[in-house]
Amino acid sequence: MNAKKIKASMKMLVFGFLLIVCFQHTASAQAADTTSADGIEFTEIKDTQTDTPVKAVAATVQAPVSKDTVAAVKTEKKAAKGEEQQSLWGIFIAGFVGGLAALLMPCIFPMLPLTVSFFTKGSEKGKAFGRAALYGFFIIIIYVVLGLLVTVIFGADALNSLSTNGIFNFFFFLLLVAFGASFLGAFEITLPSSWVNKMDANSDKGGIAGLFFMAGTLALVSFSCTGPIIGTLLVQAATSGALLGPAIGMFGFSLALAIPFALFALFPSALSALPKSGGWLNSVKVVLGFLELAFALKFLSNVDLAYHWEWFDREIFLVLWIVIFGMMGFYLLGKLKFSHDSEVKYISVPRLMMAIVVLGFTIYMVPGLWGAPLKSVSAFLPPQQTQDFDLYTPTLVPGGGQVNHTSATPSSGPHKYADIFHAPLNLDAFFDYNEGLAYAKKVNKPILIDFTGHACVNCRKMEANVWPNPEVYKMISEEYVLIQLYVDDKTEVAASDVVTTPQGRVLNTIGKKWSDLQTSKFQSNSQPYYVLLDSKTETQLVKPQGADYDAASYAKFLKSGLDAYHK
């Protein structure tokens, strides 16, 4: 394999990283969507409490505990554990990809042959590999400890609340913007030189201690390049709500970083095939800088939704993404340059392929400005109902007919909290349990409770990809009474609705009110979480379920509830 092929392979690795980063957040957000934001406890609201809507909810949903209920709870816990394991795998993969990208940074890539040469010079092959492997092991230890420190500093409860905490989300937005600006060349994030000098001095000791300090020196020297990647991974892992998320993410990152040192020490002749350092390394940084800016907007959107600012709607989000990815495409074509860029004399094939993908993705997003669902990225975008000019939603009617939505089931009138919540796809949804229950009894229909959240990525994906299905939409809009309960909303309830649980937890916001209902009565704290209730007896019709992106399977779930209701 000659140097040109190796160089092309390296650039294609960046191309793969671009594709993965655009969609990897869904995997890590799985845990964020399966953990409520308010440090949920499993509580029981006693009948001796003040007669409030929460008390009424607790009393009405309460049912005798049966063997089936116990089995359902156990199944739910197993499912939650499985979802957490999947999310940890997603975090690990994201970290591993981030480590591969870090290898192509100007601060690390040139150090690779120098460091490996140090191990192989004057040493036998087996001994050189052993020293390089130990060096890589110390790299892993350093970064995993960093991930564990994040967990220790924040604590498990704080990690659970990061995904929807307004202050943290706004801070993360500013942090990722700073990381993006750093990659674009505005400034460099560096650690104090005294740290680097002291670590480097200790690396001359030799032996195992020397290898450890060499690994520490690499971590400190390369921080200006790896810091933004590490910071983004830690933010992503921390907001997932998984206790071991930061450590798992750093393990994946450091593993990808450490493997090449050991492999090249085992096969030192392969070093000659590595491409030479050059301007292409800086191009990698710039591309990652654009991705950091795009990723940052999701955190700003979370804050806007949770606190009902209502200025960062879907159009604005899409406009900014279209501009960011459009500029990235022009940069890859050499039409946009930064002060520290090398001149692009010609466009290589891998770079052209990346530009085609990025510009194609940019054009794909343009119809979204008029309401196109953009299903492939719908999980990242603000909800469809925030769209001011929407030509798509009015076409959704029961049966899937392409006519105006005015032919659908008439609205049941003004609803509580309708001034701050808006149902997806123009569905006639209630946002208060008691109000929806009363209406369901009146019209003699079963209830579909949708425990959802503003920051719930999978909730948006379900609403954009599954609910528009003609069969699903028809059942939700005509056969069920839909009650959407936001468990992460920060709006304070009226003073008369505030309740303090026996455990001392004050339910003073809409989010706390409904998250307590979900955990205490349905033994779950995952979102989305769909519960089908009999409006007459207020018992569960079938076993509740979470996200299911197979429209046929989800329709079967809704149909099973209707069958049980009409028996």
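**Notes on a predicted model**

1. Let's start with Glu538, which sits in the loop between strand S6 (529-533) and helix H18 (551-565). Helices (H or I, at least four residues) and strands (E, at least two) are DSSP runs, numbered from the N terminus. Glu538 counts as buried because its relative accessibility is 8%; buried means under 20% relative accessible area, exposed over 50%, and partly exposed in between (1.4 Å probe, protein chains only). Its phi is positive, about 55°, although Glu538 is not a glycine.

2. Before going on, keep in mind that this is a predicted model: local features need pLDDT of at least 70, side-chain atom pairs count only at pLDDT 80 or more, and totals for chains, interfaces and linings use all residues. Residues are numbered from 1 along each chain as its sequence is written, and side-chain values use heavy atoms, with hydrogens and water left out.

3. Tyr417 is another one to look at: phi here is near 70°, a positive value in a residue other than glycine. Why point this out? Most residues other than glycine have a negative phi. You'll find Tyr417 in the loop between helix H13 (349-365) and strand S1 (429-430), and with a relative accessible area of 13% it is buried.

4. Now for His454, in the loop between strand S2 (447-452) and helix H15 (457-465). Its relative accessible area is 7%, so His454 is buried. Which side chain does the His454 side chain join in a polar contact of 2.8 Å? That of Asp489. A polar contact is a pair of N or O atoms within 3.5 Å; within protein, one must be able to donate a hydrogen and the other to accept it, and residues adjacent in sequence count only if both atoms are side-chain atoms. Leaving out residues up to four places away in sequence, His454 touches several others (contact means heavy atoms within 4.5 Å), including Leu305, His308, Phe421 and Arg460.

5. Over in helix H17 (residues 510-522) there's Ser520, which counts as buried at 12% relative accessibility. The Ser520 side chain reaches back to the backbone oxygen of Asp516, at 2.6 Å.

6. Tyr473 belongs to helix H16 (residues 470-479) and is buried, at 1% relative accessibility.

7. Last, a quick check on helix H8 (residues 207-221): at 1.5 Å a residue, its 15 residues should span 21 Å, and the end C-alpha atoms are 21 Å apart, which agrees. The expected span is 1.5 Å times one less than the number of residues. Among the buried residues of H8 are Gly210, Phe213, Thr217 and Leu220.
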